[in-house]
Amino acid sequence: MIFQTTVHARIVFGLISCRAMSDDSVPANAPARPEGPGDPDSPRRPAAGSADPTDRLADDWLRERPDLDLGAVAVLGRLAFVAEQVTGPAGERAVRRHGISKGEFDVLATLRRGGPPYVLSPSRLSDTLLTSRAGMTKRLDRLERAGLVARSLDTEDRRSFRIALTDEGRRVADAALTDLAAALTGLVSLLDDGEREGLDRALRSLARAAGPSAAPRR
């Protein structure tokens, strides 16, 4: 469930929108953002040249609501921005080379990682991928037409179906996963060992705070 567990990159309430601004959306003659209050507890600006779209949006809110500490919003907004604008597109490009969408890849990957005989029920796939039954049916229809999965009646419950990964489906899943892993490894290689380990620890702490109910389903 690689794409489903990626952070959905939107912060509500209009605080920070990852789609709202990119580096080339700021006019060249735009006025400089006013600095925040001069007290020692006010958020500090990043070093010159290191500002990103999240910094500029956070500056807007610092100007409008200097009474609030929005540091956490900026941190999580940046995390969301990276998920939507960097890792998400890189992963989608990797799997689309193999003629499937990211949603279809998630179905194949869920079947593949379960091990032999690579069979699950549609309802189990829906629950695992947090997808509606109708949405899952559409994905399965497309994958079946492409010869990547096969439907069969459940021998224990004739009212239900079982979804099996075909040999071609396994080949596509493996090839797409190889390209996806390479793409994401290339992105993470931009971090040094300390940054990578620190990021991993921080994300684990946030994931634990969400509780076991938020953990990916097997």
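How do α3 and α6 lie to each other: roughly parallel or roughly perpendicular?

I'm working on a predicted model, so local features need pLDDT of at least 70, side-chain atom pairs count only at pLDDT 80 or more, and totals for chains, interfaces and linings use all residues. Residue numbers start from 1 along each chain as its sequence is written, and side-chain values use heavy atoms, with hydrogens and water left out.

**α3 against α6.** I started with helix α3 (residues 102-113) and helix α6 (residues 167-188), which pack at an angle of about 105° with their axes 9 Å apart. For my own reference, axes are lines fitted to C-alpha atoms, for helices over the stretch in contact, and angles run from 0 to 180 degrees between N-to-C directions. Angles under 35 degrees count as roughly parallel, over 145 as roughly antiparallel, 65 to 115 as roughly perpendicular and the rest as oblique. So α3 and α6 are roughly perpendicular to each other.

From α3 I got Phe105, Leu108 and Arg112; facing them in α6 are Gly169, Arg170, Val172, Ala173, Asp174, Ala176, Leu177 and Leu180. By class, the residues of this contact split into seven nonpolar, one polar and three charged. The classes: Ala, Val, Leu, Ile, Met, Phe, Trp, Tyr, Cys and Pro are nonpolar, Asp, Glu, Lys and Arg are charged, and the others, Gly among them, are polar.

**α3 against α5.** I ran the α3 and α5 pair too, and found an angle of about 85° with axes 10 Å apart. That makes this pair roughly perpendicular as well. Gly103, Glu104, Asp106, Val107 and Leu108 in α3 meet Met136, Arg139, Leu140, Arg142 and Leu143 in α5. Here I noted five nonpolar, one polar and four charged residues.

**Whole chain.** I logged seven helices and three strands, in the order α-α-α-β-α-α-β-β-α-α from the N terminus. Helices (H or I, at least four residues) and strands (E, at least two) are DSSP runs, numbered from the N terminus. Of the 218 residues, 29% count as buried; buried is under 20% relative accessible area, exposed over 50%, partly exposed in between (1.4 Å probe, protein chains only). The accessible surface comes to about 14,000 Å², and 55% of that belongs to carbon and sulfur atoms. I also checked contacts with a separation of 6 or more: 62% of them come from residues 24 or more positions apart.

**Core.** Which residues touch the most other members of the largest nonpolar core? I found Ile100, Phe105, Val107, Leu108, Leu111 and Leu125, out of 22 residues in that core. The elements giving two or more residues to this core are α2 (71-96), α3, α5 (133-145), β3 (157-165) and α6. α3 gives the most, with five residues. A nonpolar core here is a set of buried Ala, Val, Leu, Ile, Met, Phe, Trp, Tyr and Cys residues joined through side-chain atoms within 4.5 Å.

I then looked at Leu108 on its own. Leaving out residues up to four places away in sequence, Leu108 touches Ile100, Leu143, Leu148, Val149, Leu165, Gly169, Val172 and Ala173.

Most residues other than glycine have a negative phi, and most peptide bonds are trans. I flagged the peptide bond from Pro116 to Pro117, which is cis with omega near 5°. Pro117 sits in the loop between α3 and β1 (119-120), and Tyr118 is in the loop between α3 and β1 too. Phi of Tyr118 is near 60°, positive in a residue other than glycine. Is Tyr118 buried or exposed? At 12% relative accessibility, I have Tyr118 down as buried.

Leu130 also has a positive phi, about 55°, although it is not a glycine. I placed Leu130 in the loop between α4 (122-128) and α5, and at 58% relative accessibility Leu130 counts as exposed.

**Spot checks across the sequence.** Thr87 is in helix α2 and is partly exposed at 26%. Its C-alpha atom is separated by 7.6 Å from that of Leu187, 100 residues apart along the chain. Ala182 is in helix α6 and counts as exposed at 51% relative accessibility. For Ala182 and Gly91, 91 residues apart along the chain, I got a C-alpha separation of 9.5 Å.

Terms used: Contact = heavy atoms within 4.5 Å. Areas by Shrake-Rupley, 256 points an atom, 1.4 Å probe, with all protein chains shown as cover.
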